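This report walks through one protein structure, part by part. Please keep the sequence and the 3D view open while reading.

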Amino acid sequence: MKFETGDSVDSDHCTALTHEMFRCHDEFQRFTHYATIMVMKGRTREVSYRAYNAYSSFVHHLYEFILGCNARDSGNTKITNKKGEDRTLIIDSYIMHHAQRVMDQYRDAIKDSRAPDWVNDVSFYDVKVPKEFAKDFREYRNKVCGHVAYERSSKLSLTQFYDRYHKYLYYLYRDSLGWWGPKAGEFPDLKEITDFCVWIEEEHA
């Protein structure tokens, strides 16, 4: 469905984007918890299992959030309904553009002395995003979390994916968290999402 910024569909779409970023943030926090246990106390099968699940869910929700941003930028909720190569080219190009944009912003901020104290050395950001990033992001989103695929247990190493791409995923996530993620104060009204209930309230005449 096509929509205009500020109309009712856009409002609902923004609510869905907020929900997706909250889910992404929740999974990143969960991953951080188990990753800390792994580093401090050692790796066990159970800790690895829980860290794997949290990180794969983080990848999934971040990917879905980016798809939603692509739809909003295009003013069309169905832009990702295209099939085959057309869909892949749209999504991969969008992901690569924003991953590079975020890294370049940090690089430039450091060079201009505008960066916060916690950032890494400029060499960490002065890079070209690997050309396989968007393709691998999509494949891992599909097969380590989205679908039951035999490759998950034999051919796709989430460890290697993390080692190669985590910094790009993290900064894509961080770039949007301030706008779309949790904030201080009352929990937001997410319409049907925060209206969910496991019982039906009786209406009294």
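## How the elements are named

Helices (H or I, at least four residues) and strands (E, at least two) are DSSP runs, numbered from the N terminus. Under this naming, Phe196 belongs to the segment that follows α6, a helix of residues 158-180.

The structure is a predicted model, in which local features need pLDDT of at least 70 and side-chain atom pairs count only at pLDDT 80 or more, while totals for chains, interfaces and linings use all residues. Residues are numbered from 1 along each chain as its sequence is written, and side-chain values use heavy atoms, with hydrogens and water left out.

## The chain as a whole

The protein chain has six helices and zero strands, and along its principal axes the C-alpha trace spans about 65 × 40 × 40 Å. Among the contacts (heavy atoms within 4.5 Å) with a separation of 6 or more, 73% are between residues 24 or more positions apart.

Of the 205 residues, 40% count as buried, where buried means under 20% relative accessible area, exposed means over 50%, and partly exposed lies in between (1.4 Å probe, protein chains only). The accessible surface of the chain comes to about 13100 Å², and 51% of this area belongs to carbon and sulfur atoms; accessible areas come from the Shrake-Rupley method with a 1.4 Å probe, and for residues only the protein chains shown count as cover.

## Helix α3 and its cover

Helix α3, made of residues 84-111, has 28 residues and reaches 41 Å from its first C-alpha to its last, which is close to the 40 Å expected at 1.5 Å a residue; the expected span is 1.5 Å times one less than the number of residues. The buried residues of α3 include Ile91, Tyr94, Ile95, His98 and Val102. An α-helix has 3.6 residues a turn, so residues three or four places apart point the same way.

Which elements are included in what covers the buried residues of α3? Among them are α2 (45-74), α4 (122-125), α5 (133-146) and α6. Just after α3, Ser113 takes a positive phi of about 60°.

## Salt bridges

Side chains of opposite charge can pair when their charged atoms come close. The structure holds 16 salt bridges, each being a side-chain nitrogen of Lys or Arg within 4 Å of a carboxyl oxygen of Asp or Glu. In one of them, Arg72 meets Asp10 at 2.7 Å, N to O. Arg72 lies in helix α2 and Asp10 in helix α1 (residues 8-41), so the pair ties together parts that are 62 residues apart in sequence. Arg72 is partly exposed, at 26% relative accessible area, whereas Asp10 is buried, at 3%.

Asp112 and Arg114 also meet in a salt bridge, at 3.3 Å from N to O; Asp112 is partly exposed at 48%, and Arg114 counts as exposed at 54%. Lys135 forms a salt bridge with Asp136, their closest N and O atoms being 2.8 Å apart.

## A nonpolar patch on the surface

Phe196, Val198 and Trp199 make a nonpolar surface patch of about 440 Å². Patches are made of residues with over 30% relative accessible area and no salt bridge, with like charges joined within 9 Å and nonpolar side chains (Val, Leu, Ile, Met, Phe, Trp, Tyr) within 5 Å. Phe196 counts as exposed because its relative accessibility is 64%.
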